Amino acid sequence: MAQSALAQLHGKPWYKPNFGRQQAEQFLASSPVGTFVIRPSSTPDCLALSQKSDDGEIFHARILCIRRGNQYVGYSIGGDSEVFQTVDALLKRVQPKTKLVAPTAPGGGGG
């Protein structure tokens, strides 16, 4: 992904640019229910939302980074057709149904 698209994420406690799926699962395993991280996805031009669910399982959802030409114009989660200008806006939209909780521990791989 372009650095300009990622710049908005740096400094956020939930953005873990050095996490892969396994690191996210290890970090979230000892975190409270609802805790989430945003990390790079193994799919090019995508991010991933990893969250600890009510039953203690870790689930992962792909965040599509929408481009027009070389310009990033927004983000969409899963197969949702709604596009958000920022990751923050996307998180605010999904928070009520997923009960997202930002991590409190610094954890490895921070921004």
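## Fold, sheet and cores of a predicted protein chain

The protein chain has three helices and four strands. The model is a predicted one. Read from the N terminus, the order of elements is α-α-β-β-β-β-α. The chain has 111 residues, and 38% of them count as buried. Its accessible surface is about 6,200 Å², with 49% belonging to carbon and sulfur atoms. Among contacts with a separation of 6 or more, 38% join residues 24 or more positions apart.

**The sheet**

Strands of a sheet pair through backbone hydrogen bonds, either parallel or antiparallel. Here the four strands form an open sheet in the order E1-E2-E3-E4, and the pairing is antiparallel. Strands E1 and E4 are the edge strands, each pairing on one side only. On average, neighbouring strands of the sheet are turned by 25° against each other, direction ignored. The antiparallel pairing of E3 with E4 runs over six bridges, and Ile66 stands opposite Gly74 in E4.

| E1 | 36–40 |
| E2 | 46–52 |
| E4 | 71–77 |

Helix H2, residues 21–29, lies across E1, E2 and E3. Its direction is at about 165° to that of E1.

**Thr35, between H2 and E1**

Thr35 lies in the loop between H2 and E1. Is Thr35 buried or exposed? Its relative accessible area is 2%, and buried means under 20%, so Thr35 is buried. Leaving aside residues up to four places away in sequence, Thr35 touches Leu28, Ser50, Gln51, Lys52, Val101 and Pro103. The side chain of Thr35 also reaches the backbone oxygen of Pro32, at 2.8 Å.

**The nonpolar cores**

In soluble globular proteins, nonpolar side chains tend to be buried together. The largest nonpolar core in this model has 20 residues. Those with the most contacts inside this core are Trp14, Ile38, Leu47, Leu49, Ile63, Val87 and Leu91. Which elements give two or more residues to this core? They are E1, E2, E3, E4 and helix H3, which spans residues 87–98. H3 supplies the largest share, four residues. Another core, of six residues, lies apart from the largest one. Its members include Ala24, Phe27, Leu28 and Ile58. Of these, Leu28 is also one of the residues that Thr35 touches.

Technical notes. Residues numbered from 1 in each chain as written. Predicted model: local features only at pLDDT ≥ 70, side-chain atom pairs only at ≥ 80, totals over all residues. Heavy atoms only, no water. Buried < 20%, exposed > 50% of the residue type's maximum accessible area, 1.4 Å probe, protein only. Contact = heavy atoms within 4.5 Å. Areas by Shrake-Rupley, 256 points an atom, 1.4 Å probe, with all protein chains shown as cover. Pairing = 2+ DSSP bridges. Axes fitted to C-alpha atoms, helices over the stretch in contact; angles between N-to-C directions. Polar contact = N/O pair within 3.5 Å; in protein donor to acceptor, adjacent residues only side chain to side chain. Core = buried A, V, L, I, M, F, W, Y, C linked by side-chain atoms within 4.5 Å.
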